[in-house]
Protein chains: 2
Amino acid sequence: MSNRKHFLRSAATLAVGSSILTAGQLSARADDSVPHSKPESAPKKIIALEEHFMLPEFVTYLAETKQNIKPALFNNVVPVLSDFGAGRLEVMDKNGIDFAVLSLSGPGVQIEPDREQAVKLARYANDRLAEEMHNNPHRYGGFAHLAMQDPREAARELERCVRQLKMQGAMINGETNGLYLDDRRYDIFWEKVQELDVPVYLHPGNPPDHPHMFTDHPEMWGPVWSWAVETCSHAMRLIFSGTFDRFPGAKIILGHMGETLPIQLWRLDSRIQTANLKYALKEVPSYYVRKNIFITTSGVCCDAALRCALDSIGPENVMFPVDYPFEKTDIASRWIRSASVSEAERNAVAWQNASLLMKL
Amino acid sequence: MSNRKHFLRSAATLAVGSSILTAGQLSARADDSVPHSKPESAPKKIIALEEHFMLPEFVTYLAETKQNIKPALFNNVVPVLSDFGAGRLEVMDKNGIDFAVLSLSGPGVQIEPDREQAVKLARYANDRLAEEMHNNPHRYGGFAHLAMQDPREAARELERCVRQLKMQGAMINGETNGLYLDDRRYDIFWEKVQELDVPVYLHPGNPPDHPHMFTDHPEMWGPVWSWAVETCSHAMRLIFSGTFDRFPGAKIILGHMGETLPIQLWRLDSRIQTANLKYALKEVPSYYVRKNIFITTSGVCCDAALRCALDSIGPENVMFPVDYPFEKTDIASRWIRSASVSEAERNAVAWQNASLLMKL
């Protein structure tokens, strides 16, 4: 820290008059980004909505994400993911999580080469999830797992999951065989999403290529950075292709504090005016972000980032998850209770927005 | 807007008790992201540091960026870029810009296939810039243009530009022939940067590949999104490769509100613990961001984004530019005078941090 301190000291020596920063003032704000340890002020309840599980049949798919994290971590996480009972509920109880919307940990059948097998296994995963929801109806909701290789079947299965199995929406793990959700072949799927009025959680996945910028940097591949790049790009594709003009009622959820979107809105609206457009949007990009995109705080327990999200996208668009078990429930839960936001904002994020969006 | 309004209305109907949001409360914060029209409170002065120029010999290189913007815009911008005199100074005067650090608009010689020609042309560009600085010493500073194909020569030319031509640092436009600045062949360059104690402005450039996520989306290629992805990745490569451990005095500047970095710090520090590391960093990633990386507000005139940057990276790391003539000077200048920040923060951003960093 010595260099920064030297810098701050020289800043202080420059101070002349009341409008000039002192070293103390300079450093005060920076510390705000560190989670506070204020007295906790519990929200009325907490709904968490990026809470993963695993089934034995899907571990081979999950292994595709091994490249993104330390091997030891991968091995430790599978048993925790696979527990729907005492272990999971104990962690929820201990940390005041009232309700968890569960989702199969990706990429799941989206990387299954056999389309029929993918469709079959997705149905199986959803039936198993529905059982667990049925066993703990006051604690567990669910996002459908879908074989996006087959848009028509994905739409049909989503309908079954929502209408019959009482799920809250779907989770999709990035592109499928190189196809993003703005491809017109997915119109049939978006039509159903709009009709059912449920959100689609767009979870990160690895793209089919390995862009040059990540060469020789395995640490940047996965949750550190490439997943945000890929998922934010996916969301932008939906905006810029006019998917939300065709399906104005469609809603997606982005995790990880919106995969950097909240800090980008002004620039998107400004630069799109100079860009080479293939499709002329009806509205500015930020319009769709605020209307069709909801974000969660998963893996970002940071006041400065949350403030940016609340102020740019709007407090009605931000929701709380843990990203269990990849993120620590105690850290996430303690943070949402103590973050520097108003009580109204805290309740909106902790449960109210999720409750409205998913009719819980 | 009708869907959002419906949503807000249903939010209001849910309101029970004092801790629950009403529609009015929900929408109030979202509007904060729109630039305010408050009474202006002028900072003591304004230094702008991403202000571009063009010379006839470099227009063919600039044309590489044609793919990123509308052709009409490209043609209109070249004459404006090429003016060092009345036109440029008039815009500065009219908008209260006291001092501009000029830089050749990229990618310049970094895409010149002939290394010797690149070295020669870079020297020529710097000599021309030095002339313009000499003609208006109280209005213009300069960032050196460097042939990064030749790290040793780039270091030598940087030294000439700083010591003899009195420039404030260098501007580098992304990778060169696929090589990023964390390549060990650039150690000789970073050694010189550290010795001279000048910043390197890491400006966006197009990467050598075209990642799959941008396929069929020309509007995402360039300032809308791919440049942020590429430049933020470049900065992360410098962090994760240990460049700042080897050269703790090296400083880089990122434009465009830090190319999304401010919203990422918590996640970087958290996820790096689970990542496959090639190099074990001495400190957490955010340490290097706060110590070795400075950011500018170019092209992001947004209070919510600025607040996030000030709170996460620190008010001593944020500086003001216009990104002339690609961004509008009146919008940027009006914004920095009226943004919702303290007077101390406004002065720090508008001139004081730049003054300290570049010894102006």
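The largest nonpolar core of this predicted model holds 242 residues. A nonpolar core is a set of buried Ala, Val, Leu, Ile, Met, Phe, Trp, Tyr and Cys residues joined through side-chain atoms within 4.5 Å; buried means under 20% relative accessible area (1.4 Å probe, protein chains only). A:Phe189, A:Trp190, B:Phe189 and B:Trp190 touch the most other members. Beyond four places in sequence, B:Trp190 is in contact (heavy atoms within 4.5 Å) with residues including B:Leu181, B:Val200, B:Leu238 and B:Ile252.

Chain B has an open sheet of eight strands in the order E1-E2-E3-E4-E5-E6-E7-E8, with parallel pairing. Strands (E, at least two residues) and helices (H or I, at least four) are DSSP runs, numbered from the N terminus. Two strands pair if DSSP finds at least two bridges between them. The edge strands, E1 (47-53) and E8 (318-319) of chain B, each pair on one side only. Two bridges join E7 (residues 293-296) of chain B to E8(B). B:Thr296 has B:Met319 in E8(B) as its bridge partner.

Helix H9 (residues 226-240) of chain B packs on the sheet, touching E5, E6 and E7 of chain B. Its direction makes about 135° with that of E5(B). Angles run from 0 to 180 degrees between N-to-C directions, with axes fitted to C-alpha atoms, for helices over the stretch in contact.

Over residues 1-39 of chain A, pLDDT stays under 50. The complex has an ipTM of 0.89 and a pTM of 0.90.

Residues are numbered from 1 along each chain as its sequence is written, and chains are lettered from A in the order in which they are written. Local features need pLDDT of at least 70, side-chain atom pairs count only at pLDDT 80 or more, and totals for chains, interfaces and linings use all residues, while side-chain values use heavy atoms, without hydrogens and water.

Conventions
pLDDT = per-residue confidence, 0-100. Buried < 20%, exposed > 50% of the residue type's maximum accessible area, 1.4 Å probe, protein only.
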